Amino acid sequence: MKNGIMNLLYGLTLFLITLSGFAQMPVFKRYYIADIPGLGWLAQFYTTHTIHYIMASFLLATGGYAVTRLLITGKGFGALTFWGRIRGGLLLGLMISGGLMVLRNLPGIYFSHISIYVMNLAHLGLCMALLAVSGLTMGKAWSR
Amino acid sequence: MSRKLSRRAFLKGSLTAAGTAAGVVTGTAPLARAANAVTAGAVDPLVTVIDISKCIGCEECVYACRESNSGKFPAPKKPFPRMFPARVPVQDWSGRQDVSDRLTPYNWLYIQHASARVGGEETELTIPRRCMHCNNPPCVKLCPWGAAKQESNGLSRIDADICLGGSKCKTVCPWDVPQRQTGVGLYLDILPSLAGNGVMYKCDRCYQKVAKGETPACIEACPEDVQTMGPRSQMIDQAKALAKEMNGYLYGLDENGGTNTIYISPVPFDQLVLETGKGKPHMNPVADHMATGTNLARAMLIAPFAGAVAAFGKFYKQAKEDRS
């Protein structure tokens, strides 16, 4: 992903999806963040839920674009750098755990309690790991 | 939190995960449907039909509920941790356990009084109120901690061992049903001053009795047979037939995308003057709060393919330019 616009879109998506994801926890109101003018929406759970879903769609589209580009240009996954693989793996984990949570949120879908609990913790844990890795590797290339 | 992962639970989880993966890869979800069938256990959700015209407001259901569920009521530790920031409210109902005219952590069902003018005459009605047990319950689906669950028989409940008392379930509930008790639960063992604030409580439709094939305590105790419970497919037909017979009106059938509690009233619900407020739910029309998410889920399915098409388009354009 050397394309500047792609990087910008990816960064913006990652920021908004993380923000709206953390807003699923009732912390922004408690800690006065939602009291800051213009940030009141962070305490509106249905709004942040919708934003999270829209950003997830963008992230999935970006993922589809990046993977297809790697494949059709003949580079393949072998062209990914070490940190590119780590970040890609974490994103894949987030997409799978997030996808399962989207499935759970559909009407008529019943998951066992333990699987709901594991999904929530896995999604949160992967998000924290991705944030840490993204911070450490900011500016480093995904592929050779 | 001493639950064991049973073989059945493992099968459910595995099939569901495999189903989702298959859905993402192929764009269809045959395994997801299979997983759903397994997870749902082919059980038709149980629906309660509440005929308001029969209710005499005797509160037998209220006391039966308390007796049946008293073992689940909170036993808070005092003094409560000092909350940070100070705006976090302490909600303590332990000294007011006998309050019965609203929903509280110790009162999961109450009798709501309503009045209406029918044919020029003032009519008083009494309505048993508790959790509606939505078809797609926001309290369960949006709990960030996974503390709430919905069972395949349609009941939703909050696990007091896992709940942190953040009260999000109450905020997203169209009827503000769950009620918080401070000073109890898991938050005391994590960051008692900084995160969480107790446990949320609400009707769990006597899941322990239902699991044994028994009837919830409120239904069992009612001397007037105000409530009946049965499989959704039958109960909806029964509710509609009953409403037709008495020229009555239904509430709960479509509210929030449909609930597993259907009220039948001889008076239109929009003409009922209810005592509403904290712990006293309204009976207004409610749009499906989860509908936006459900619609966006479809967009998510096509998103990776849209990205792939964009990449192909760009590659094709580049190749064309290179050739010329």
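1. A residue is counted as buried if 20 or more other C-beta atoms lie within 10 Å of its own. The structure discussed here is a predicted model. With that cut-off in hand, one may turn to helix H4 of chain A, where A:His113, A:Ser115, A:Ile116, A:Met119, A:His123, A:Leu126 and A:Cys127 are buried.

2. The geometry of this helix also deserves a remark. H4 of chain A runs over residues 113-136 and has 24 residues. From its first C-alpha to its last it reaches 35 Å, which is close to the 34 Å expected at 1.5 Å a residue.

3. The contact between the chains comes next. It takes 41 residues from chain A and 53 residues from chain B. On the side of chain A that touches chain B, helix H2 (45-72), helix H3 (82-104) and H4 each supply at least two residues. H2 of chain A gives the most to this side, with 17 residues. By kind, the residues of this side of chain A divide into 23 nonpolar, 15 polar and 3 charged.

4. Of its 324 residues, 43% count as buried. Among contacts in chain B between residues at least 6 apart in sequence, 62% join residues at least 24 apart.

5. Most residues other than glycine have a negative phi, and most peptide bonds are trans. The peptide bond from B:Lys78 to B:Pro79 is cis, with omega near 0 degrees. The bond from B:Phe84 to B:Pro85 is likewise cis, with omega near -10 degrees. B:Pro79 is found in the loop between helix H3 (60-69) and strand S2 (110-118) of chain B, and B:Pro85 also lies in the loop between H3 and S2.

6. Which phi value does B:Asp176 have? Its phi is near 55 degrees, a positive value in a residue other than glycine. B:Asp176 sits in the loop between helix H5 (168-172) and strand S6 (179-181) of chain B. This residue is partly exposed, because it has 19 other C-beta atoms within 10 Å, whereas being buried requires 20 or more.

7. Is B:Asn256 buried or exposed? B:Asn256 has 22 other C-beta atoms within 10 Å and is therefore buried. Although B:Asn256 is not a glycine, it has a positive phi of about 50 degrees. Its place is the loop between strand S9 (249-251) and strand S10 (261-265) of chain B.

Terms used:
Residues numbered from 1 in each chain as written. Chains lettered and ligands numbered in written order. Predicted model: local features only at pLDDT ≥ 70, side-chain atom pairs only at ≥ 80, totals over all residues. Helix = DSSP H or I, 4+ residues; strand = E, 2+ residues; numbered from the N terminus. Buried ≥ 20, exposed ≤ 12 C-beta atoms within 10 Å, placed from the backbone. Expected span 1.5 Å × (residues − 1). Contact = placed C-beta atoms within 7 Å. Nonpolar A, V, L, I, M, F, W, Y, C, P; charged D, E, K, R; others polar.
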